[in-house]
Amino acid sequence: MNDLLTTFEELLRAYGNVDMAEAEFKRLIADDAALREEYREWCDEHGHTERHGFMDFAEDYITNQNSVWDSLNDDFDN
């Protein structure tokens, strides 16, 4: 599963745009049956639908990244 999460993160960083990253991920799982199965399992384990799993991850990932920057800014301001 770590490979899948790494793929998610790499796509988000590479494209810098959630919609484009999601489109590329959909292309990847269409072409790779093993990745598609891993994604299905991840969605089942985490309570996501396959339709929205990537976007749910992306939203959480971006929120976490923003909170890191917010924490750093708070430390800098003090």
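Helices (H or I, at least four residues) and strands (E, at least two) are taken as DSSP runs and numbered from the N terminus. On this basis, the protein follows the pattern α-α-α-α along its sequence, with four helices and zero strands. The structure is a predicted model, in which local features need pLDDT of at least 70 and side-chain atom pairs count only at pLDDT 80 or more, whereas totals for chains, interfaces and linings use all residues. Residues are numbered from 1 along each chain as its sequence is written, and side-chain values use heavy atoms, with hydrogens and water left out.

Of the 78 residues of the protein, 27% count as buried; the term denotes a relative accessible area under 20%, while exposed denotes over 50% and partly exposed the range in between (1.4 Å probe, protein chains only). The accessible surface of the protein comes to about 5,500 Å², and carbon and sulfur atoms contribute 47% of this area. Accessible areas were computed by the Shrake-Rupley method with a 1.4 Å probe, and for residues only the protein chains shown count as cover. Among contacts with a separation of 6 or more, 51% are between residues 24 or more positions apart, a contact being defined by heavy atoms within 4.5 Å.

Aromatic side chains were examined next. A search of the whole structure finds ten aromatic pairs. Rings of Phe, Tyr and Trp (its six-membered ring) pair if their centres lie within 6.5 Å; planes under 30 degrees apart count as stacked, over 60 as edge-to-face and the rest as tilted. One of these pairs, formed by Phe8 and Phe25, is edge-to-face, with 5.1 Å centre to centre and 75 degrees between the planes. The pair links distant parts of the chain, since Phe8 belongs to helix H1 (residues 2–15) and Phe25 to helix H2 (residues 18–31), 17 residues apart. Both Phe8 and Phe25 are buried. Phe25 also pairs with Phe54: the ring centres are 5.3 Å apart and the planes lie at 15 degrees, so this pair is stacked. Here too distant parts of the chain are linked, with Phe25 in helix H2 and Phe54 in helix H4 (residues 53–77), 29 residues apart. Phe25 and Phe54 are both buried. Ring pairs join Phe8, Phe25, Tyr39, Trp42, Phe54, Phe57 and Tyr61 into a cluster.

Charged side chains were considered in turn. Side chains of opposite charge can pair when their charged atoms come close. The structure holds five salt bridges, each being a side-chain nitrogen of Lys or Arg within 4 Å of a carboxyl oxygen of Asp or Glu. Lys26 forms one with Glu22, the closest N and O atoms being 3.7 Å apart. Because Lys26 and Glu22 are four residues apart in helix H2, about one helical turn separates them. Lys26 is partly exposed at 46% relative accessibility, whereas Glu22 is buried at 13%.

In helix H2, Arg27 and Glu24 are three residues apart, about one turn of the helix, and their side chains meet in a salt bridge (2.5 Å, N to O). Arg27 is partly exposed at 41% relative accessibility, while Glu24 is buried at 17%. A network of salt bridges links Glu24, Arg27 and Asp31.

A further salt bridge joins Glu50 to Arg40, with the closest N and O atoms 3.3 Å apart. This pair links distant parts of the chain: Glu50 lies in the loop between helix H3 (33–46) and H4, and Arg40 in helix H3, ten residues apart. Glu50 is partly exposed at 39% relative accessible area, and Arg40 is partly exposed at 34%.
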